[in-house]
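Biologist: Hello! Could you walk me through this model, one piece at a time?

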Amino acid sequence: MDHSLFPDLTLPSLAWQGVFRQVGWMLAVAVVWGQLGPSHWARRWWWGMGLGVAMQLPFLSEVPTALALSFQTPSLWSQTLLATVLWQGLRAHRSGAGAPAPQLLPLWVWAITASLGWVLLLDTLGWTDAFIYAWGFGPAVPVLVLGGCALALAIAAWRPASPAPIWAWCMAGAVGLFVLTRAPSGNAWDAINDPWLWLIANGVCAAQLWRGAKRRITRPQSP
Amino acid sequence: MPQPRTHLQRPWPWLGLLVCLALAAWEALRWQATASPAPTAALVAPAAHTVGKAWQMVDSGDLPQPASAPAAHASHLLTLPANSPYALAAFWFAGERESAPDVRIAMSLMDRQSLVWHTAQWVVDRHVMGAALGHGLRRLGNPVAWLDAQQRIHLFVVATGLGGWAASRVLHLRQAPHSTDLAALQLEVVRVLPLSWLWNTSHLVRNPPMPLADGGMVLPLHFELRVKYPLFAWFNDQGDFQGLRRISVRKDVLQPSLLALTSSHWLALMRTQSMRRRVAVVESFDAGAHWQSHEDLALPNPDAALAAFQFAPQSYALIHHPTQQGRQALVWHSSSDGKNWSQPMMVAQGPEGSEFSYPAMAWTQDSLWISYTHQRTHIRWQRWQATDQAR
């Protein structure tokens, strides 16, 4: 079996695939536990992280195995976002603050994530003439995304009043890891989007649209 | 009152910017250095001397079925190199029934001297391969084999995730470095091929690879979650994945069988699920980059697998079912252009309700070897030779 880290330049080795599969599902379980646990339970983020780590133990290892059998590996973009949410949750607990509710991504980034997922889904089902998924094996997608991240960071660096956006750091980290390891599959689309992230993005956008519609409906009419 | 920081006092965004630009440049330069050329087909001619001759079946029999496996299906034949003591390897899946949990991939070797098939051995077990992958496999299906430039056997196997065949993925295995005796073949996991964004589901392999001029190959594949469409992946001479292309925009065709008319002029003959129930064909003039659809061929297809084979440039064979319903017969046609086919020659026939299906072909020992599923209980083989009598 080939366990070397760089057996070829095209697809990731089994070793890298295993690393990101385990880390990805560990982060997902930890964040789901932290988010869904009772808000009055102060240590729920620590318990979430503990549960995620425990899944590496033999008696719980069936959980990530079953998740990966069905859903393969979370995208690296999901993984960097999950790591950020987990870190924010743990930090909020240490500082004694309540449940973390930072705005992880601006709505337009969620909208792009949802739209890209729709394009990739329709492409998978054969509804696009161009085979968009195949583009992910070439250099264009990672180079363009890294260029976008560089632009966002340049704007943040040049305007001291605005903080560097979290999404740019997370996306740069995800694509950087992809360039270095080709994980999770060797295809750049699998590194920057996955069906679970796409579903969540659709939910966020739908909720925002619903809130906006409700505000318009309930706004008092001018006399 | 603290002074507002200037942009030069915020090093992290600048550092991030530089890292992003460096990674983007590295990615672009690396691809420039390693980008593989577009695939160019090898014009193989394993049996050029048979062109224009008649054929006769000289021998037939059943492949030795593994004990405790009442069902067998989807055989594939691999011609082995001339320095091997074996001339052919046959792979198929066997177990209690199709899609049963105990299905494994069996292999039988044909002795080069005696032309006798050896006892079948199990070469792929889903538990062993799932453990090596790290995420398990639920079911195994169609095996397809290929020899790389180092004469290593690569085996591509349908392996499902959670669900039926619609949750299929394609598992890439390779002969282990220490496994030099084919009679005790051991395969190692290379990876699951990355074929789709949707949890990498619903891609299958069935038909044999088409050889490329550089020693690599084109592996025909298809997608089958609600819609069915064909695609291919290509590999270099070491078996490294090089890319992915779609074969047709039609959504009712599957299991492409590829023929190279020239190095860049390719045909794909396909099983169809359309109402017309005829063999589908698409054509590419630029080595698979773009494909043109054609009217379905005049040959019927009952939504069942077919097999195409190249004896030499301008000499092709096709085995398929001659009816629009049922799999009770298999026939063989010849062609010089892949579109116009000769009158059929019977390969197998039985009463209505019987099944002879999933044909495969290979050339070795001056003979065409055909295998096919016989009643889903075992795999039957036939040996055909060209005769001097003109067709």
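Biologist: How many bridges join strand β10 of chain B to β12(B)?

Modeller: A word on the basis: this is a predicted model, where local features need pLDDT of at least 70, side-chain atom pairs count only at pLDDT 80 or more, and totals for chains, interfaces and linings use all residues. Residues are numbered from 1 along each chain as its sequence is written, while chains are lettered from A and ligands numbered from 1 in the order in which they are written. Strands (E, at least two residues) and helices (H or I, at least four) are DSSP runs numbered from the N terminus, and two strands pair if DSSP finds at least two bridges between them. Strand β10 (residues 203–205) runs antiparallel to β12(B), with Leu204(B) facing its bridge partner His222(B), and the bridges joining the strands number three.

Biologist: Which residue in the turn between β11(B) and β12(B) has a positive phi?

Modeller: Strand β11 (residues 210–211) of chain B is joined to β12(B) by two bridges, running antiparallel. Met210(B) has Val218(B) as its bridge partner. The two strands form a hairpin with five residues between them, and the residue with a positive phi, about 95 degrees, is Gly215(B).

Biologist: And over how many bridges do β12(B) and β13(B) pair?

Modeller: These strands form another hairpin with five residues between them, where Arg226(B) in the turn has a positive phi of about 70 degrees. Val218(B) stands opposite Trp234(B) in β13(B). The pairing of β12(B) with strand β13 (residues 229–235) is antiparallel, and its bridges number seven.

Biologist: How many of the residues of β12(B) are buried?

Modeller: Buried means that 20 or more other C-beta atoms lie within 10 Å of a residue's own; 12 or fewer makes it exposed, anything in between partly exposed, with C-beta atoms placed from the backbone. On one side of β12(B), Met217(B), Leu219(B), Leu221(B) and Phe223(B) are buried, and on the other Val218(B), Pro220(B) and His222(B). The strand (residues 217–223) is therefore largely enclosed by the rest of the structure, its buried residues being seven of the seven.

Biologist: Why does Trp87(A) count as partly exposed?

Modeller: Trp87(A) is found in helix α4 (residues 76–94) of chain A. Trp87(A) counts as partly exposed because its C-beta neighbours inside 10 Å number 13.

Biologist: Which element gives the most to the side of chain A that touches chain B?

Modeller: Counting contacts as C-beta atoms, placed from the backbone, within 7 Å, 51 residues of chain A meet 50 residues of chain B. With 11 residues, the element that gives the most is α7(A).

Biologist: Which helices of chain A do the buried residues of α1(B) pack against?

Modeller: Helix α1 (residues 11–34) of chain B has 24 residues. Its buried residues include Leu17(B), Cys20(B) and Ala24(B). Their packing partners in chain A are α7 and α8.

Definitions and conventions
Two residues are in contact if their C-beta atoms, placed from the backbone, lie within 7 Å. The expected span of a helix is 1.5 Å times one less than its number of residues.
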